[in-house]
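Here is a brief report on one protein chain.

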Amino acid sequence: MNVPLFQYKSTVQVCNSILYSKTGGDKRKLPENRFLRKLLKPDIERERLKAANSIVSIVFGTRRIAWAHLDRKLTVLDWQQNDRWRLMKETTYSSSVYLEEISSIISKMPKADFYVLEKRALSIQNSSLFPILLHFQIMEAMLYALLNKTFAQDGQHQVLSMNRNAVGKHFELMIGDFRTSGKELVKQFLSDSVLKADPRVFFPSDKIVHYRQMFLSSESRRVEELYDSLLQAVAFYELAVFDSEP
């Protein structure tokens, strides 16, 4: 109870999830369409998902935006972050400024079959979170509009929102309702790509040194967006494309 911001109910949930965690065969398998509806928005045909050759996974916060470009072999084609982005003050929520900033960032992103955005669940009951919620909503709307380039012609969504906690559960990063850092898991992916013949995630040999240096340079800072963008891309393929059991 001495942990800052932890309330009694939250503390009980965290402790119970550690003491009485369920394992193995007790997981309930949801019907495919129900699971996909909880995982991704808007609803999309499974056939289109299965045909995806590459995706760009995008995660943004109040300080930075990061993206990971992966193909269906889980090869990391591109992985970057932009630290120049900042949450605007309430008096400067200017649509034109958002457009200029986001357009500049999108110009650096590679083309892909789908662009997957992290969907966070923030309570609208907490008024102190309203500036952050507004920032996320504006960012999401801008990205949907700017990245769905052919929607007016064919009505097909290229931008999807993926449930953040579903990704956390897939990688066993959840403690109760709280998601822990994926840094150590990403660090393991990087090591396995060098040490194992068949790693879960493959980093090309000509880029692995750059990505390892990028990771090491970020270890002293909390750059969860960078880690989460990669984890979200892997979870997208394993859950929505490869039929992995939820």
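## Surface and core of a predicted model

Val12 sits in helix α1, which covers residues 8–19. The coordinates come from a predicted model. Val12 counts as partly exposed because its relative accessibility is 31%. Together with Met1 and Tyr8, Val12 forms a nonpolar patch on the surface. The accessible area of these three residues together is about 340 Å².

**The chain as a whole**

The protein chain holds ten helices and eight strands. It has 246 residues, and 43% of them are buried. Take the contacts between residues at least 6 apart in sequence: 68% of them join residues at least 24 apart.

**Helix α10**

How far does α10 reach from its first C-alpha to its last? The span is 24 Å over 18 residues, close to the 26 Å expected at 1.5 Å a residue. The helix is mostly covered, with 17 of its 18 residues buried. Just after α10, Asp243 takes a positive phi of about 65°.

Gln232 belongs to helix α10. Is Gln232 buried or exposed? Gln232 is buried, because its relative accessible area is 2%. Which residues does Gln232 touch, leaving aside neighbours within four places in sequence? Its contacts are Ser57, Ile58, Val59, Val116, Leu117, Glu118, Met162 and Val167. Ile58 lies 174 residues from Gln232 along the chain, yet their C-alpha atoms are separated by 8.3 Å.

**Aromatic pairs**

A search of the whole structure turns up nine aromatic pairs. One of them joins Phe114 and Phe236. The ring centres are 6.4 Å apart, the planes make an angle of 50°, and the pair is tilted. The pair links distant parts of the chain, 122 residues apart. Phe114 is in strand β5 (residues 114–119), while Phe236 is in helix α10 (residues 224–241). Both of these phenylalanines are buried. Phe114 and Phe236 also belong to one aromatic cluster with Tyr237 and Phe242.

**Salt bridges**

The whole structure contains nine salt bridges.

| Arg120 | Glu118 | 3.2 Å |

Arg200 counts as partly exposed because its relative accessible area is 37%. Glu238 counts as buried because its relative accessibility is 11%.

Salt bridges that share partners also join five residues into one network: Glu118, Arg120, Arg164, Arg179 and Asp228. Why does Glu118 count as buried? Its relative accessibility is 8%, and the cut-off for buried is under 20%. Arg120 has a relative accessible area of 30%, so Arg120 is partly exposed. Glu118 is also among the residues in contact with Gln232.

Lys196 is partly exposed because its relative accessibility is 48%. Asp192 has 12% relative accessibility, so Asp192 counts as buried.

**An exposed leucine**

Leu216 is located in helix α9. Why is Leu216 exposed? Its relative accessible area is 51%, and exposed means over 50%. Lys187 is 29 residues from Leu216 along the chain, and their C-alpha atoms are separated by 9.1 Å.

Note on methods
Residues numbered from 1 in each chain as written. Predicted model: local features only at pLDDT ≥ 70, side-chain atom pairs only at ≥ 80, totals over all residues. Heavy atoms only, no water. Phe/Tyr/Trp six-rings, centres within 6.5 Å; stacked < 30°, edge-to-face > 60°. Helix = DSSP H or I, 4+ residues; strand = E, 2+ residues; numbered from the N terminus. Buried < 20%, exposed > 50% of the residue type's maximum accessible area, 1.4 Å probe, protein only. Expected span 1.5 Å × (residues − 1). Patch = residues over 30% accessible without salt bridge, like charges linked within 9 Å, V, L, I, M, F, W, Y side chains within 5 Å. Areas by Shrake-Rupley, 256 points an atom, 1.4 Å probe, with all protein chains shown as cover. Salt bridge = Lys/Arg side-chain N within 4 Å of Asp/Glu carboxyl O. Contact = heavy atoms within 4.5 Å.
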